[in-house]
Amino acid sequence: QVQLVESGGGSVQPGGSLRLSCAASGSSFNSNAMGWYRQAPGNQRELVARITRGGSTNYADAVKGRFTISRDNAKNTVYLQMNSLKPEDTAVYYCNSDPRVQGGVKTYDGWGQGTQVTVSS
């Protein structure tokens, strides 16, 4: 029921910045935490940043101090400001709400197409 559309990716040089946006639809947006995930070729999808409905945030160690997640609940949009980008940040970035957990099994909403971030010289 939730639709997710990521945008804002691109190709930048190391040290550059990008601001990603995630437009979310669905009634669950305001009641759920939202996260940004990324997946590089051959790697598992990993959570890089998360923000609760009330604005509490947490970050993966690899991006702390460089990335900032924020949300505008009125616009049903979550953002990821990415500064001081490194080649290892290269990945497809996705947003999603917290997964539902039933019987120890996590179920995510359907993933969007993601947005490609490429950091290279």
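Asparagine 76 belongs to the loop that joins strand S7 (67–72) to strand S8 (77–82); strands (E, at least two residues) are DSSP runs, numbered from the N terminus. The model is predicted, so local features need pLDDT of at least 70 and side-chain atom pairs count only at pLDDT 80 or more, while totals for chains, interfaces and linings use all residues. Residues are numbered from 1 along each chain as its sequence is written, and side-chain values use heavy atoms, with hydrogens and water left out.

The phi angle of asparagine 76 is near 50°, a positive value in a residue other than glycine. With a relative accessible area of 24%, asparagine 76 is partly exposed. That term covers the range between buried, under 20% relative accessible area, and exposed, over 50% (1.4 Å probe, protein chains only). Serine 84 is not a glycine either, and its phi is positive at about 50°. Serine 84 is located in the loop between S8 and strand S9 (91–97), and its relative accessibility of 41% makes it partly exposed.

The next topic is the aromatic rings. A pair of aromatic rings is described by the distance of the centres and the angle of the planes. Rings of Phe, Tyr and Trp (its six-membered ring) pair if their centres lie within 6.5 Å; planes under 30 degrees apart count as stacked, over 60 as edge-to-face and the rest as tilted. Four aromatic pairs turn up in a search of the whole structure. One of them is edge-to-face: tyrosine 37 and tyrosine 108, 5.9 Å from centre to centre, with 90° between the planes. This pair links distant parts of the chain, 71 residues apart, since tyrosine 37 is in strand S4 (residues 34–39) and tyrosine 108 is in the loop between strand S11 (105–107) and strand S12 (115–119). Tyrosine 37 is buried, at 6% relative accessibility, whereas tyrosine 108 is partly exposed at 30%.

Tyrosine 108 also pairs with tryptophan 111: the ring centres are 5.3 Å apart and the planes meet at 35°, so this pair is tilted. Tryptophan 111 is partly exposed, with a relative accessible area of 29%. Ring pairs join Tyr37, Tyr94, Tyr108 and Trp111 into a cluster.

Charged side chains also meet rings here. A charge sits over a ring if NZ of Lys or CZ of Arg is within 6 Å of the ring centre and within 35 degrees of the ring normal. Arginine 45 lies over the face of tryptophan 111, 4.0 Å from the ring centre. Arginine 19 has its charged end over the ring of tyrosine 79, at 4.4 Å from the centre of that ring.

Technical notes
Helices (H or I, at least four residues) and strands (E, at least two) are DSSP runs, numbered from the N terminus.
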